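I opened this model to work through its fold and its aromatic side chains. My notes follow in the sequence in which I looked things up.

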Amino acid sequence: MEEKYNLLFVCMGNICRSPAAEGIMEKIIREAGLTDKIKVGSAGTYGGHAGEEADPRMKKTAKERGYHLTSRSRKITMDDFTNFDMILVMDDNNYDIVYNMAPDIDSAKKIRRMTEFCRNIKTDHVPDPYYGGINGFNNVLDILEDACYGLLETIKS
């Protein structure tokens, strides 16, 4: 792997799905020995949680699986289209928001749905677990683990 990749995971508030994707991908990258080649970040399309840590329920559920969520919420910016090679969104609503922000067609081509990289779980979006119970958080982690492994395979090939 010669190129360096910068990945940005995006959900609505940047407190559940995207920080979980970031934490999962960081661990997978570390285990693959690629921390010098792949960098990750996360952001939200809504800035109301800016500066906050990940949702405590997501942090707890992720920690039970060995993931540490350390990022702080922030809103996606125009600079992200320059600073990141791939922008991975969790659902169609966030796809539309990010796509409409894209300053040009090359930037728009960087936007991908996270579920495109799932290898085993068939779903068209990563559901927002915020208003649900613990099963929702576990479901999100299942989907993101599948997608992150598929994403790494794609990047490596």
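**Entry 1: tyrosines and their neighbours**

I began with Tyr131, which is exposed at 78% relative accessibility. The model is a predicted one, and I read every value below with that in mind.

Next I checked Tyr130. Its relative accessibility is 29%, so Tyr130 counts as partly exposed; the cut-off for exposed is over 50%.

I then counted aromatic pairs and found 2. Planes under 30 degrees apart count as stacked. Both tyrosines sit in helix α4, 4 residues apart, which is about one turn of the helix. Tyr95 is buried, at 16% relative accessible area. Tyr99 is partly exposed, at 37%.

Tyr130 and Tyr131 also pair. Their ring centres are 4.8 Å apart and their planes stand at 85°, so I noted the pair as edge-to-face.

Which arginines lie over the faces of Tyr130 and Tyr95? Arg57 lies over the face of Tyr130, 5.2 Å from the ring centre. Arg113 lies over the face of Tyr95, at 3.9 Å from the ring centre.

**Entry 2: the sheet**

I traced the strands next. There are 4, in the order β2-β1-β3-β4, and they form an open sheet with parallel pairing. β2 (38-44) and β4 (111-113) are the edge strands; each has a single partner strand, so one side of each has no neighbour in the sheet. From one strand to the next, the twist averages 25°.

I went through the pairings one by one. β1 (residues 5-11) runs parallel to β2, joined by 7 bridges. In that pairing, Cys11 stands opposite Gly44 of β2. β1 and β3 also pair in the parallel sense, over 4 bridges. Here the bridge partner of Phe9 is Leu88 in β3. β3 and β4 run parallel too, with 3 bridges between them. Ile87 stands opposite Ile111 in β4.

Which strands does each packing helix touch? Helix α1 (residues 17-31) packs on the sheet and touches β1 and β2. The direction of α1 makes about 170° with that of β2. Helix α4 (residues 92-101) also packs on the sheet, touching β1, β3 (86-89) and β4. The direction of α4 makes about 175° with that of β4.

**Entry 3: the cores**

I turned to the nonpolar residues. The largest nonpolar core has 37 residues. Leu7, Phe9, Met25, Ile38, Met114, Leu144 and Leu151 touch the most other members. At least two core residues come from each of β1, α1, β2, α2 (56-64), β3 and α6 (134-156). The most come from α6, with 10 residues.

Leaving out residues up to four places away in sequence, its contacts include Met25, Val40, Leu88, Met114 and Leu151. Phe9 also touches Ser18, Glu22 and Ser42, among others.

There is a second, separate core of 13 residues. Among its members are Phe81, Phe84, Val89 and Ala108.

**Entry 4: two loop residues**

Asn14 lies in the loop between β1 and α1. Its relative accessibility is 1%, so Asn14 counts as buried.

Asp104 is in the loop between α4 and α5 (105-108). Asp104 is partly exposed, with a relative accessible area of 39%. I also checked its distance to Gly33, 71 residues away along the chain: the C-alpha atoms are separated by 34 Å.

Notes:
Residues numbered from 1 in each chain as written. Predicted model: local features only at pLDDT ≥ 70, side-chain atom pairs only at ≥ 80, totals over all residues. Heavy atoms only, no water. Pairing = 2+ DSSP bridges. Axes fitted to C-alpha atoms, helices over the stretch in contact; angles between N-to-C directions. Contact = heavy atoms within 4.5 Å. Phe/Tyr/Trp six-rings, centres within 6.5 Å; stacked < 30°, edge-to-face > 60°. Buried < 20%, exposed > 50% of the residue type's maximum accessible area, 1.4 Å probe, protein only. Lys NZ or Arg CZ within 6 Å of the ring centre and 35° of its normal. Core = buried A, V, L, I, M, F, W, Y, C linked by side-chain atoms within 4.5 Å.
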